[in-house]
Each structure stands twice: as structure tokens, then as C-alpha cells.
Amino acid sequence: MVLSQRSQVSAFLILGVLLVIIIGFGSWFFMQQRAESVVVVSQSVTGSFPSARVESFLRSCVQQAVDDSVLEVGRSGGFANAFNDGRPHQHHYFVDDGGVSYFIFDGESRVPTVESVRSEVSLAVKNAVETCADWSKIVDVQIVRTGSFVVETSFSAIGTTVRVSSDALFSFGDKEFSVGTIEASSPYRLKLLLEKATTLASSISASSRNSLDISTVCGSLSSSDGLVNVYLAGSSTGKVHLVSIVDSSPLTSGLPPLRLRFGVKGVALFWGCSA
């Protein structure tokens with residue numbers, strides 16, 4: 001009788017251990033399946049899974065958007081569109097391809113801050129990415145959620161870096177995946193040109209008789225590599241000018257030079273700085 005009870009206890013213990021093992025294995029298997037149901041493209045993938053193709057598509061789009069947007073913001077005087085600065089149209093210098101903001105208007109300095117220009121680049125990149133990131137162009141992938149884009153821009157001494165995050169969600173077979181964040185860098189030194197524009201604006205504001213020979217301040221406007229130059233257009237007698245601060249360093253990367261253009265009104269400017 002005692003032996004029979006011991007046998008029953010042993011059997012229950014064995015069944016209990018087996019039940020714990022089965023439950024544990026089932027929980028592990030469920031978590032594994034759930035973890036694998038969403039795949040982020042930053043992780044390595046193998047075979048024909050299309051996440052790398054989607055990432056490559058977005059990366060190409062973002063890189064082109066960054067290059068084009070920085071050039072456009074420079075051409076427009078620090079804005080994604082010159083007329084976004086909130087000023088009346090007569091407060092802009094008009095050129096063949098649009099208008100640029102006045103950085104000096106009747107003696108008043110209006111040079112945009114680095115932070116505001118950074119925001120304008122982010123806005124321009126976001127608009128461009130929303131246009132070029134047409135998910136319908138990617139074959140064999142189901143779009144679960146088109147999502148939206150968040151853009152962050154940072155400037156450095158050597159160029160511009162932009163991070164574009166997307167919450168778009170896709171599916172392939174029984175798996176879902178996202179593209180996460182794409183980072184693209186450009187050799188366009190927009191911050192450097194903005195600093196040179198600020199220096200020039202200070203020299204203009206401090207000038208006497210509402211005139212300035214720019215060649216007298218070229219030293220403070222040049223860069224250490226000698227690739228930044230200042231050019232003038234317009235009439236000195238009319239005291240209305242188009243100023244272009246040009247960085248030629250992108251040419252070494254096969255890219256067009258970066259130009260920061262802006263208007264100056266109410267001051268007679270002469271000459272410029274060029275190698």
C-alpha cells in the first residue's frame with residue numbers, strides 16, 4: 001500500500017515536471033514567433049526577403065533629398081522657400097529663378113539664425129522625401145501603413161547630416177517589417193556660409209557712409225581651405241545687391257558648389273572676395 005502511494009506521488013511529480021517543461025517551451029516558442037513577426041531593415045537579412053530593397057529605395061530618396069534641399073535653402077537665402085520668411089514680397093531680392101531674402105534691409109540686419117536654417121532644411125527634406133518615397137513603386141511588398149516622416153538636421157564643420165525616421169509598415173508573406181531610421185550626410189557646409197554671412201552683415205552694419213569695400217574684410221570671410229569666396233551682383237549706385245557666398249569644396253565630391261545667396265539694400269557694396 002505504501003509502495004503504491006509512493007508510485008502515485010512519483011507519477012504526479014513526473015507529470016508536474018513535464019507540464020512545466022511543456023508550458024515553458026510553449027511560452028518561449030510563442031515569444032520567438034512574435035519577435036520574428038516584425039523585422040527591422042537595419043538588421044541583417046538573408047535570402048529574398050525584401051527589407052533591404054525597401055531600405056535601399058528610401059536611402060536613395062533621402063540622399064537625393066538632402067543634397068537638393070541644402071542647395072535650395074542656400075539659393076533662397078536660408079529658407080525652404082524665400083517667401084516663407086513671413087515678410088512682404090518687396091522685402092526680397094528677385095532673381096531669374098525666384099527670390100532671396102534680404103539679410104540687410106535699409107541698414108537692419110536680418111540674417112537668419114543657425115537654428116532657423118536647420119529647421120528650414122528639415123522642412124525641405126521632409127517635403128522632398130514625401131514626394132520621392134512612393135512605396136507603390138516597390139513590387140512584391142504589401143503596404144500595411146504608409147506612415148509619416150520625422151526629419152532631424154544637424155550641421156558640422158564638414159557638412160550637413162540628416163536623419164529621417166519613418167513609421168511605415170510593410171508585410172511580405174507572413175512577416176511584417178519597418179524601415180526605421182535612415183541617415184544621410186552631405187559635404188555642403190551651410191553652417192559655415194551662414195557664419196560668413198553673419199560676419200559680413202556685421203561689417204556692413206558697422207560701415208560708415210552706408211558703403212563698404214568688401215575686399216577690406218575678405219580675410220574674415222575666407223575659409224581655412226581657401227574654397228569660400230564672395231561675389232556681388234547689382235548696382236552700387238542703387239544700393240541694392242545680390243550677394244553670393246560660395247563654397248567650392250563639394251566639387252571634390254562631384255557635387256555642384258553650395259551658394260548662400262541673399263540681398264542687401266540701402267548700402268553701397270564694392271568688389272568681392274575670390275581666389
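With 60 degrees about the S-S bond, the Cys61–Cys132 link is right-handed. This is a predicted model, in which local features need pLDDT of at least 70 and side-chain atom pairs count only at pLDDT 80 or more, while totals for chains, interfaces and linings use all residues. Residues are numbered from 1 along each chain as its sequence is written, and side-chain values use heavy atoms, with hydrogens and water left out.

User: Why is the pair Cys61 and Cys132 called a disulfide?
Analyst: A disulfide is a pair of cysteine sulfur atoms within 2.5 Å. The sulfur atoms of Cys61 and Cys132 are 1.7 Å apart, and they form a disulfide. Cys61 lies in helix H2 (residues 51–75) and Cys132 in helix H3, so the pair ties together parts that are 71 residues apart in sequence; helices here are DSSP runs of H or I, at least four residues, and strands are runs of E, at least two, numbered from the N terminus.

User: What makes Cys61 buried?
Analyst: Buried means under 20% relative accessible area, exposed over 50%, and partly exposed in between (1.4 Å probe, protein chains only). Cys61 has 6% and is therefore buried, whereas Cys132, with 28%, is partly exposed.

User: Why is Asp140 called exposed?
Analyst: Its relative accessible area is 60%, so Asp140 is exposed. Asp140 lies in the loop between helix H3 (114–132) and strand E5 (142–145).
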